Amino acid sequence: MPTALITGATSGIGHEFAVQLAARGHDLVVVARNTERLEQVAQRLRDVQGVEVEVLTADLSDREALQRVADRVADEGRPVDVVVNNAGYGLKKRFVDNDLSVEEAHFDVHARATLVLSHSAARAMRGRDRGTIVNVSSVASFLATGTYSAAKSYVTVFTEGLAGELRGTGVQATAVCPGWVTTEFQERAEIGSPGPKFMWLETERVVRQALDDAGRGRVVSVPSAQYKAAVGVLRFVPRSLVRRDMRSFSLSRLFRPGRPARTT
């Protein structure tokens with residue numbers, strides 16, 4: 001059976017990737033910070049899906065922990081056929097109000113971890129002439145909404161460049177750019193649900209289309225017609241207008257006082 005490694009696999013989009021990849025016949029390596037939650041998720045997947053599930057605890061903002069995950073991806077004795085870089089989280093405060101260490105950890109999880117794990121995956125997969133790298137980005141990558149948007153912009157453009165380098169090797173790289181997705185993230189971080197209801201997507205739909213698009217060789221996957229239309233418009237809107245319309249928006253507007261934002 002092929003093997004898929006998913007970061008941030010205990011909840012939300014990452015968990016749905018684990019469920020759907022298992023249903024498609026993949027054994028799994030699930031990665032997250034919380035060992036107890038990982039073990040619970042792994043056991044459910046073994047019981048329901050009948051697949052092998054390996055647990056790998058790692059905080060991807062920690063370079064030594066990240067390297068352990070990269071080494072697992074590169075292990076030719078236990079090849080990984082699909083890598084899903086999904087782990088991520090939002091920040092309540094604006095950039096200038098945050099401690100630099102908080103922003104650095106945020107960047108490391110979103111951007112550096114994607115860079116490191118994609119590098120390990122691409123090298124290993126290229127040697128086998130097959131493999132898939134799925135990097136979970138966001139529609140925010142086409143906007144200008146602080147460091148989350150900037151990090152996701154890096155993920156999208158990086159993946160586009162990687163896909164170009166891998167063309168003809170049998171290895172596919174796809175950036176997935178969902179908009180608002182209904183996940184456990186909102187409840188655990190006490191986040192509101194801005195915008196109209198029809199703009200909120202279910203994880204099952206997002207992941208199904210992401211995997212289908214990756215299978216078709218699509219480099220940028222934008223799940224749902226409404227977000228495809230939004231991204232199409234954003235590609236032609238002058239950046240000065242994007243900055244002007246986004247300057248009053250930040251994740252801090254979505255949070256209620258209470259729990260921290262980090263969930264992966």
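Residues 24 or more positions apart account for 70% of the contacts (heavy atoms within 4.5 Å) in the predicted chain that have a separation of 6 or more. The model is a predicted one, in which local features require pLDDT of at least 70 and side-chain atom pairs count only at pLDDT 80 or more, whereas totals for chains, interfaces and linings use all residues. Residues are numbered from 1 along each chain as its sequence is written, and side-chain values use heavy atoms, with hydrogens and water left out.

The chain contains nine helices and nine strands, taken as DSSP runs numbered from the N terminus, with helices (H or I) of at least four residues and strands (E) of at least two. Of its 264 residues, 52% count as buried, that is, under 20% relative accessible area, with exposed meaning over 50% and partly exposed in between, for a 1.4 Å probe and protein chains only.

When neighbours within four places in sequence are left aside, L5 is in contact with V29, V31, V69, R72, V73, V80, V82, V83 and V84.

Helix α3 (residues 63-74) packs with helix α4 (residues 100-128) at an angle of about 20 degrees, their axes being 8 Å apart; axes are lines fitted to C-alpha atoms over the stretch in contact, and angles run from 0 to 180 degrees between N-to-C directions. Helix α3 is therefore roughly parallel to α4, a term applied to angles under 35 degrees. On the α3 side the contact is made by R63, L66, V69, A70, V73 and A74, and on the α4 side by R112, A113, V116, L117, S120, A121 and A124.

Helix α5 also holds G164, which counts as partly exposed because its relative accessibility is 30%. G164 and V219 lie 55 residues apart in sequence, with a C-alpha to C-alpha distance of 9.0 Å in space.

Terms used:
Parallel < 35°, antiparallel > 145°, perpendicular 65-115°, else oblique.
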